[in-house]
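The following account leads the reader through a protein model, one region at a time. Please keep the sequence and the three-dimensional view at hand while reading.

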Amino acid sequence: MAAISASEIVESEASAPQQPGFGGILLRNRKFVIGVAILLIFIILGAGGELFVGSGQRASGSFQPRLAPGPGGLLGTDSLGRSVAIQMSEAIPNSLQVGLIAATLGTTLGAIVGFVSGYFGRSVDSVLRVLIDIFLSVPSLLFLILIASLFKGVGVQAMALIIGIFAWAWPARQVRAQVLSLKERGFVQIARLSGMSGLEIIFRELMPHMLPWLGANFVNAFIAAVLAESGLSILGLGPQREMTLGMMIYWSLNYSAFLQNLWWWWLTPVLTLIALFLALYLIHIGFDEVTNPRLRTEG
Amino acid sequence: MKGKNLMVLGMLLLITSLIIAACQQQPPAEEVVVTQVVEREVTRIVEGETIVETITEEIEVTRIVESTPEPEEEAEEPEAVPEGRAEQLNIAIPGPIADPTNLNLYAPGVSRSDTGLHQMIYEYFFYYNLQTGEFIPWIAEAFSYNDDFTAITVNIRDGVTWSDGEPFTADDVIFTYDLLLNNPGMVWAEEVGSRVESVEAADDLTVTINLLAPNPRFHLVREAFPAVGIWGGITILPQHIWEGEDPLTFTNSEPIGTGPYVLANASQNVMSYERDEDWWGIEAFGETPGPRVVNFQHVGPSTSVALALANNELDSPNIGILTLPDYLAVAERNPNLIAWSDGPPYAWLDPCPRGLMVQNAHEPWGQADARWGLSYLIDRDQIVELAYEGTTVPSWGIWPFYDGNEPYFNAISDLREQYPTTAYDPAQAEERFAAAGITKNAEGAYTTADGQPLSVTYLVNADSTEEMRVSTVLADQLEAEGIQVEVQPLSGGVLSDAILRGEYDLKLHSMCPGYIVDNLELYHSKFNVPLGEPAPWFERNSFRYSNPELDAIIDQMATVPLENEEETIALYEEAMAIWFEDLPTVNMVQAPALVPFNTTYWQGWPTADNAWNMPVSWWATFNLVINGYPDPESGEWVGGIESAGVGGGQ
């Protein structure tokens, strides 16, 4: 994916001022808009639930156990006498929170390491490259399971941090590769000749080229983090006293919901996860199309 | 344009895969269409108002059970038996083996039951069949006490050999006791050290254990005498293997025992044993154990265990993996499954009721008022309904509701009325907590005398389905009443270490062995070691309770000969007055063991109708379930599972 050079942007903006900016192109991208819309629905549902549900209704035994979905029970209840709908209102924001924290941490760390490694090169690069390669080659799930089992009883935020710490290597390598290519371009050479410092060049010249790409990576990392949380939780390593989509699946497994045909219990979080992945994937494609004009279908 | 096409193709692929994924999840939903409503009666034992006797009350519970016609169709076709399956006995264990290379059952934290070690590899002098009351000689033939009960002499059976061919002799017994007396870090070493003075042999087959104090019940003390009733006991080791090894660090990865099986393969998920064709018992008893291979395997969560049972991949799961609704759902799919009884309550009563160990060495839990306050905050009926799915009943104490215990329970009926240990009563709780200096603030949160919120660390075995469930309901209950609960799930050696060192405020635990006197002895202060040092055993006072008055009564009980039950009952009454007043641990529920057996490949399992043994695969006595045993009176062979003759089994 070739990045657009600064000169190209300047040119196009000068010759066609009526063309929309980056945000405009994004909003015209149907996939992106649909993805964002689905995500917004989840956020609104989650936030709404947070506002309207009293803490007393979250505890086990608040409802009659094993109620099928219906007008009275809405999404049904689980074997512990908890409403599936109320659990979702807690699980969706928590799972999104895991994704947000882990993706922010991973992308930021990755960008910093990538820029530093790519721009400064030499020994810094050698050290960081080895570090990146190590983190890339060791399966992170292995580490996640190890760490999560060491710190059993972690909360949602701690879980997100653990996942985020392992989410930086891939963006770091990608950013590094881009920077290696970009820093040889004319405008960077000129900036360097005009006396800009390394940090200045990174932030003022290189960063703008990488932002859309980082955005796409952020969404990708978001998906991966939500998936990692679910995986760990299903293995029983999740936040025991809080609800996430993964923990919902864990409890439904613990209570053999599948065997006892309490389908609403396990199907709800599974379908939600699928919808969530779909939404984030659409956003990711949207980003990709905007940053890579050759993929654009509209706008 | 190429890129665009690729994207469209990618989208199509994604959507198709999502649809396929969604479709695959459809069948269970379709099953709803063929739903049958099945009414079943579940019998539960409910504490009556007249505390004198336990009343059995029948409660009709209507549940909706969905069944699928699929298994019936499959049943039409003759089922292909997988290679070797008919010769295998497959037992499901609750979690993976933490370290399958360490099979030293005297090292703290090493499992002896999940690994199958004490069922398959090692054998014991005697096996105590609680079901029939028989004390069955196995690698010993007889025992006798001296006149003042200060020494017990055991006659070892002639012809018993270790699996490597070496003879089993009195020297092995002396070696093992010496090891335990000299290495206090070994599991149960302190129990031996506090009772045994020395061990000597008159000849190869006669060994005498000299006791520190008179004890007519010594042959029942599993922690100091290698006879097993409930679960397990101290294990005699082969001197020629263990000599010169450090008993705490030796990994014993190729265990040598006298048992009918030898270890074939050890991994985290499967411990596989093969029949020892040179086992001494084949000649001595003239009986060969049926299964050629026995696997103790971790299959996964309860759903996986249930499906494996339905598909005949398993013969029996351990306790606590399947609940009653699980079992009924599986039994509907696989008609070859049986439980202890054909109808309710299906479960066999495990002798170890569940108690909530409260760390007496952590303030405020050293105060009886605080422990009583906690007890009043627990809604045990809700825990039974939600965590146990109706499989058990609340328990007023930590003794199993066995008929044989009734005389004891009747003797304390007044006390049981006076101290409502199963009552859920937040108002009473507030009163008792106030007496311990714990008050409720304006927000409804309990705060200690120094103004800190009352917070508890609740240790949970992460591998135990039962404990994970109870922890959720109990933590919800306590938090709703204003106590902060930090649930800490741990597993393996880290967990056992934390329990033994007392690093918890709350821990749900099996209160074993369940005998009247022995379960009282759990509260003896001789097992109370300082915080941070390992207690002799989990429920053996890792909760660090001390009461000299209770100690005195327990010491006195230990000297009463077994036949003198009246005196024991009188002392039990005296002790229980203290136990109820202090409530050193908080009683929770009885422990029914719902243990399904699969009769597809193996038959002759013990059931309520044919109660020749305990239906438990995690106890050392499982050796006798597989083999059967000679009746101690008549010598006639009793029980033993046999091949159902499917698929060319023997």
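In what order do the three strands β5, β4 and β10 of chain B lie in their open sheet, and what is the pairing? In this predicted model, the order is β5-β4-β10, and the pairing is mixed. Strands β5 (134-137) and β10 (227-228) of chain B are the edge strands, since each of them pairs on one side only. Strand β4 of chain B, which covers residues 126-129, is joined to β5(B) by four bridges, and these two strands run antiparallel. Within this pairing, Tyr128(B) has Phe135(B) in β5(B) as its bridge partner.

Chain B also contains an open sheet of five strands, in the order β11-β12-β13-β3-β14, again with mixed pairing. At its edges are β11 and β14 (316-317) of chain B, each of which pairs on one side only. The antiparallel strands β11(B) and β12(B) are connected by five bridges. The position opposite Val262(B) is taken by Glu274(B), which belongs to β12(B).

The loop between β11 (261-266) and β12 (270-275) of chain B holds Ser267(B). Is this residue, Ser267(B), buried, partly exposed or exposed? Its relative accessibility is 27%, and Ser267(B) therefore counts as partly exposed; the limits for that class are 20% and 50%. Leaving aside residues up to four places away in sequence, Ser267(B) touches Ile97(B) and Pro100(B). Pro100(B) is 167 residues away from Ser267(B) along the chain, yet the C-alpha atoms of the two residues are separated by 5.4 Å.

A covalent link in chain B comes next. Over all chains, the structure holds one disulfide. The disulfide joins Cys352(B) to Cys512(B), with an S to S distance of 1.9 Å. The link of Cys352(B) and Cys512(B) is right-handed, with 110 degrees about the S-S bond. Both Cys352(B) and Cys512(B) are buried.

Attention now turns to chain A. Chain A has 299 residues, of which 50% count as buried. Among contacts in chain A with a separation of 6 or more, 70% are accounted for by residues 24 or more positions apart. The accessible surface of chain A amounts to about 13400 Å², and 68% of that surface belongs to carbon and sulfur atoms.

Which residues of chain A form a nonpolar patch on the surface? The patch consists of Phe143(A), Leu146(A), Leu150(A) and Phe151(A), which together have about 430 Å² of accessible area. One of these residues, Leu150(A), is placed in helix α6 of chain A, which spans residues 140-150. With a relative accessible area of 64%, Leu150(A) is exposed, because that class begins over 50%.

Key
Residues are numbered from 1 along each chain as its sequence is written. Chains are lettered from A and ligands numbered from 1 in the order in which they are written. This is a predicted model: local features need pLDDT of at least 70, side-chain atom pairs count only at pLDDT 80 or more; totals for chains, interfaces and linings use all residues. Side-chain values use heavy atoms; hydrogens and water are left out. A disulfide is a pair of cysteine sulfur atoms within 2.5 Å. Buried means under 20% relative accessible area, exposed over 50%, partly exposed in between (1.4 Å probe, protein chains only). Contact means heavy atoms within 4.5 Å. Patches are made of residues with over 30% relative accessible area and no salt bridge: like charges are joined within 9 Å, nonpolar side chains (Val, Leu, Ile, Met, Phe, Trp, Tyr) within 5 Å. Accessible areas come from the Shrake-Rupley method with a 1.4 Å probe; for residues, only the protein chains shown count as cover. A salt bridge is a side-chain nitrogen of Lys or Arg within 4 Å of a carboxyl oxygen of Asp or Glu. Two strands pair if DSSP finds at least two bridges between them.
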